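I opened this entry to keep track of what I looked up in one structure. The order is the order of looking.

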Amino acid sequence: MIPTLRTERLLLEPYVPADEEDFVALFQDPRVSAWMGDGPVAEADDRALFWRIFTKVYARELFAVWAVRRDGLLVGHAEIKPTEDVGGHEIVYALAPAAWGSGLGTEVAEALVAYGFGTLGLSEVHATVAEPNVASLKLLGRIGFEHVRDLTEEDGSTTHVLTRRP
């Protein structure tokens, strides 16, 4: 069972089927998808991803995935999951561009880290960030993440692996 997390301004709670359109809109926004996974994908792929959250992730209790809400509106996505690329648990989050620059990213990231250390009992939490994503690199640096190594992607680009310890 995935718990609901609260921050000063946000509610992180499990997705519900009615979130599909907002989820797809978030992931289809090229300003958001540029930094997620392998970049922009077809709308049908994002719809399939949304339903896999229910049929695979939640059904098998694989890892925690949340809808990020502010004042009842879906403004982002958050998760913490084990990832072979980093050899531990990685935080993943995305916010709608309208929420950028207001400190909400810091709230989400801190909530995920607290869940990792507190609820999951982790000794470290990781994040992977594409080298050009300066805003996320700065945010994570401000909250105690340190650059530990780089991954070279199939397209030759660089992804930074960042780690935070309690």
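The notes below go from the model itself to helix packing, aromatic rings and strands.

**Ground rules**

I am working with a predicted model, in which local features need pLDDT of at least 70, side-chain atom pairs count only at pLDDT 80 or more, and totals for chains, interfaces and linings use all residues. I number residues from 1 along each chain as its sequence is written, and side-chain values use heavy atoms, with hydrogens and water left out. I take helices (H or I, at least four residues) and strands (E, at least two) as DSSP runs, numbered from the N terminus.

**Helix 1 and helix 3**

I looked up how helix 1 and helix 3 cross: their axes come within 9 Å, at roughly 130 degrees. Axes here are lines fitted to C-alpha atoms, for helices over the stretch in contact, with angles from 0 to 180 degrees between N-to-C directions. That makes helix 1 oblique to helix 3; angles under 35 degrees count as roughly parallel, over 145 as roughly antiparallel, 65 to 115 as roughly perpendicular and the rest as oblique.

Contact means heavy atoms within 4.5 Å. On the helix 1 side I listed Glu20, Glu21, Phe23, Val24, Phe27 and Gln28; helix 3 supplies Glu43, Asp46, Arg47, Leu49, Phe50, Trp51 and Ile53.

I then checked Glu20, which is found in helix 1. Leaving aside neighbours within four places in sequence, Glu20 touches Arg47, Phe50 and Trp51. Glu20 counts as buried because its relative accessibility is 17%; buried means under 20% relative accessible area, exposed over 50%, partly exposed in between (1.4 Å probe, protein chains only).

**Aromatic rings**

I found nine aromatic pairs in the structure. Rings of Phe, Tyr and Trp (its six-membered ring) pair if their centres lie within 6.5 Å; planes under 30 degrees apart count as stacked, over 60 as edge-to-face and the rest as tilted. Phe23 and Phe50 make a tilted pair, 5.1 Å centre to centre with 55 degrees between the planes. Phe23 sits in helix 1 (residues 20–28) and Phe50 in helix 3 (residues 43–58), so I logged a link between distant parts of the chain, 27 residues apart. Phe23 is buried at 0% relative accessibility, and Phe50 is buried at 0% as well.

The pair Trp51 and Phe54 is tilted, because the ring centres are 5.3 Å apart and the planes stand at 35 degrees. Trp51 and Phe54 both belong to helix 3, three residues apart, about one turn of the helix. I recorded Trp51 as partly exposed, at 33% relative accessible area. One aromatic cluster takes in Tyr15, Phe23, Phe27, Phe50, Trp51, Phe54 and Tyr58.

**Strand 8**

Which strands pair with strand 8? I found strand 6 (residues 125–130) antiparallel to strand 8 over six bridges, and strand 7 (residues 146–152) antiparallel to strand 8 over six bridges. Two strands pair if DSSP finds at least two bridges between them. Val161 in strand 8 is the bridge partner of Thr128, and His160 in strand 8 stands opposite Asp150. Strands 7 and 8 form a hairpin with five residues between them, and Gly156 in the turn has a positive phi of about 90 degrees. Strand 8 (residues 158–164) is mostly covered, with six of its seven residues buried.
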